[in-house]
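Keep the sequence and the 3D view open while reading.

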Protein chains: 2
Amino acid sequence: MTPDRPRFEFRLHKTDGKARLGTLALKRGDIRTPAFMPVGTAATVKAMKPQDVRATGADIILGNTYHLMLRPGAERVARLGGLHGFMGWDRPILTDSGGYQVMSLSELTKRSEEGVSFASHLDGSRHMMSPERSMEIQRLLGSDIVMAFDELVPTTSTREVQDAAMERSMRWAVRSREAFLSGHDHAQQAAQFGIQQGALDPELRGRSAEALLKLGFDGYAVGGLAVGEGQAAMFGVLDYAPDMLPADRPRYLMGVGKPDDIVGAVERGIDMFDCVLPTRSGRTGQAFTREGPINIRNARFAEDQGPLDPECACPVCKGWSRAYLHHLVRAGEILGAMLMTEHNLAFYQALMADLRAAIGAGTLTAFATTFRARYGAARGS
Amino acid sequence: MTPDRPRFEFRLHKTDGKARLGTLALKRGDIRTPAFMPVGTAATVKAMKPQDVRATGADIILGNTYHLMLRPGAERVARLGGLHGFMGWDRPILTDSGGYQVMSLSELTKRSEEGVSFASHLDGSRHMMSPERSMEIQRLLGSDIVMAFDELVPTTSTREVQDAAMERSMRWAVRSREAFLSGHDHAQQAAQFGIQQGALDPELRGRSAEALLKLGFDGYAVGGLAVGEGQAAMFGVLDYAPDMLPADRPRYLMGVGKPDDIVGAVERGIDMFDCVLPTRSGRTGQAFTREGPINIRNARFAEDQGPLDPECACPVCKGWSRAYLHHLVRAGEILGAMLMTEHNLAFYQALMADLRAAIGAGTLTAFATTFRARYGAARGS
């Protein structure tokens, strides 16, 4: 934490179409945008040391409020000096609100205007989550970017249900904003993002944006996407939803996504992303390459002496062969999960660096076209 | 592989009582003795990158012939350029003969004078292991120290069975030596160790040593110990068995052991050790400290902000608290296994460095007495 750094500053350096090249400056460091945030669910980016996460090029990571409140507990993390010191990551951390996990992972949930009562998926213990409690937990963790608490309903819900959930989310946004600003010390160190809801409906999205803008959040997330609606429907929303949010504030697409999702979303004006895909798929043997994903367990890699991706400069591709990674993953070795995760995170960060360079050079359309042709072609082969 | 380095050279720098300070020089590097060799069963020291294994202070690692012959297969490793390149470790590797694992891990074993026929524990496929096949596999892997193939019988066997197994092991030692020397290129790059057998019987140990010495191995292992006989019985054998082996050759105690086992064995003239204990116990939450082992899962560590071992200089102790490691291990996080393993290997290597320094200074007895008092006291508390 550097006292003379800004609490929050978003500088836009260049645009290319709707895509934006920027820097988000926070107390704990700068975030080059468009940015990808590796997910560190339980106070660890799984199978990675923090310094190795940083070495892949990550400027910020994400922590999960729901997981951390249950284990080791937000008050405990606070007593131990906060999430940064606890896990050994001194750069910015964005924490989600816990809303998504409460409503998707926990059991026996009961929703009310007050919030959500639920049973822990770990031990069945009962907890109450509300805008106020979510903000308190994120403050106890020492989050640098605090997310508002919102309500999630299935994309297959009726418009009436979507409307009601969005309206409740906007009432919860008011309470989230008030709760954040009342935590004085933390509010002077951290930023807070509101979350636009409204599913696939432009009118709902518009009302949601309008409600959020009155609250003056530091940044805005496009929420409720990447939950099974498919890329075309998601891009359909991204064709208009980011334009409803202020141009001088960062826009964060939560839970996205596949590399081609990210490229398309950057073209549509999104600045920040998070997703478990590079880490989770690394643990199951999927590697990302510039010619599409490969499953390293496949027998054709058993004696392949090449690197995971010939164009990758990461330590894994410099140090070990596909044959070795095939062996490790097949044998269930921890080192397999470690190396596959490291490569995948490096791949994602290299993609973000390429996107930033293309926006800077005004060549994003050409970059995206070439990327899709190579990445998509191999997937079908 | 450096052409101008010796194939094998063992220099004794100093003795303190029966303990020896030395350097074992091989084509791929020097090994400071007494030395501890981390176990890299399946072409990986579990949960560790090779460079991090090296950073703990390891000069040499061990590879398992049995595991590697079954997966990925010795011929495949050879086609991929050998074990060193495959796993990214360019310093010496000692390979065991596979005998211990064939007789303890595999199924449906049939022993004969020719060797051991067995079914793989992975897929039930049938294989034949013999002195000749073991030497061939170790050559295909590119081992720097090749172990003779011997027969293992339970320590509870009758003296007659022990005698017969020892005598067969000595006949197999003859065949192992001949097979090794007939692999001309490899024999000019690598060293070979014979293995003394004879269980807890001085007369059998003496006959075994006599038989081995005729074959002129580069070094000698004390085999058949650390298989359940207990520390007192093991030290009983070590009180005389190393003296039966030539003073100008390294002595290797296979599969040992706990830190206090190693201290006692060094006092009795052993130069080399290997054991899965620091790596395996790291994955289950046991950490070694100068005041004895601790189980980091214990609730008393939940908010302990101190390092695993306050006297340890390893990156884990410098970077993370017991509370964080407690959280990771309880949550089943891969990073928990990684960091616990790294600390434990660093602890073992620091112990070896301390032992070498004490021998060099002629203060081994004082060091060992202090070590035992501190290490043992906490274990009982």
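This is a predicted model: local features need pLDDT of at least 70, side-chain atom pairs count only at pLDDT 80 or more; totals for chains, interfaces and linings use all residues.

Helices and strands here are DSSP runs, numbered from the N terminus; a helix needs at least four residues and a strand at least two.

The unreviewed UniProt entry gives the feature "binding site" at Cys312(A), Cys314(A), Cys317(A) and His343(A). These residues span 32 residues in sequence, yet no two of their C-alpha atoms are more than 8.4 Å apart, so they gather at one spot. The unreviewed UniProt entry also carries the annotation "domain: tRNA-guanine(15) transglycosylase-like", which covers residues 18-375 of chain A. In the model, that span is 44% helix and 17% strand. Its end C-alpha atoms lie 22 Å apart.

Now the backbone. Most residues other than glycine have a negative phi, and most peptide bonds are trans. Arg71(A) and Pro72(A) are joined by a cis peptide bond, with omega about 5°. Pro72(A) lies in the loop between helix H2 (65-70) and helix H3 (74-79) of chain A. A cis bond also runs from Val256(A) to Gly257(A), with omega near 5°. Here the setting is the loop between strand S13 (251-253) and helix H11 (259-267) of chain A, where Gly257(A) is found. Ala43(A) is not a glycine, but has a positive phi of about 65°. Look for Ala43(A) in the loop between strand S4 (35-40) and helix H1 (50-55) of chain A.

A hairpin comes next. Strand S8 (residues 116-119) and strand S9 (residues 126-129) of chain A pair in the antiparallel sense, over four bridges. Ala119(A) has Arg126(A) in S9(A) as its bridge partner. Six residues lie between the two strands of this hairpin, and Gly124(A) takes a positive phi near 80°.

Turn to charges. Over all chains, the whole structure has 70 salt bridges. One of them joins the side chains of Arg5(A) and Asp30(A), at 2.5 Å from N to O. This pair links distant parts of the chain, 25 residues apart. Arg5(A) is in the segment before strand S1 (8-16) of chain A, and Asp30(A) is in strand S3 (residues 29-33) of chain A.

How many salt bridges form between chain B and chain A? The count is 10. Among the salt bridges, one pairs the side chains of Lys46(A) and Glu333(B), at 2.5 Å from N to O.

Which elements of chain B supply at least two residues each to the side that touches chain A? They are helix H1 (50-55), helix H3 (74-79), helix H4 (83-87), helix H14 (322-330) and helix H15 (334-361) of chain B. H15(B) gives the largest share, six residues. By class, this side of chain B has 20 nonpolar, five polar and 11 charged residues.

The interface as a whole brings 36 residues of chain B into contact with 36 residues of chain A. The two chains bury about 3200 Å² between them, 57% of it on carbon and sulfur atoms. In chain B, Lys49(B), Glu303(B) and His327(B) lose the most area to chain A, together 18% of what that side buries.

Conventions
Residues are numbered from 1 along each chain as its sequence is written. Chains are lettered from A and ligands numbered from 1 in the order in which they are written. Side-chain values use heavy atoms; hydrogens and water are left out. Contact means heavy atoms within 4.5 Å. Buried area is the accessible area (1.4 Å probe) that two parts lose on being put together, summed over both. A salt bridge is a side-chain nitrogen of Lys or Arg within 4 Å of a carboxyl oxygen of Asp or Glu. Ala, Val, Leu, Ile, Met, Phe, Trp, Tyr, Cys and Pro count as nonpolar, Asp, Glu, Lys and Arg as charged, and the others, Gly among them, as polar. Two strands pair if DSSP finds at least two bridges between them. UniProt positions are given in the numbering used here, feature names are shortened, and annotations may be inferred rather than shown by experiment.
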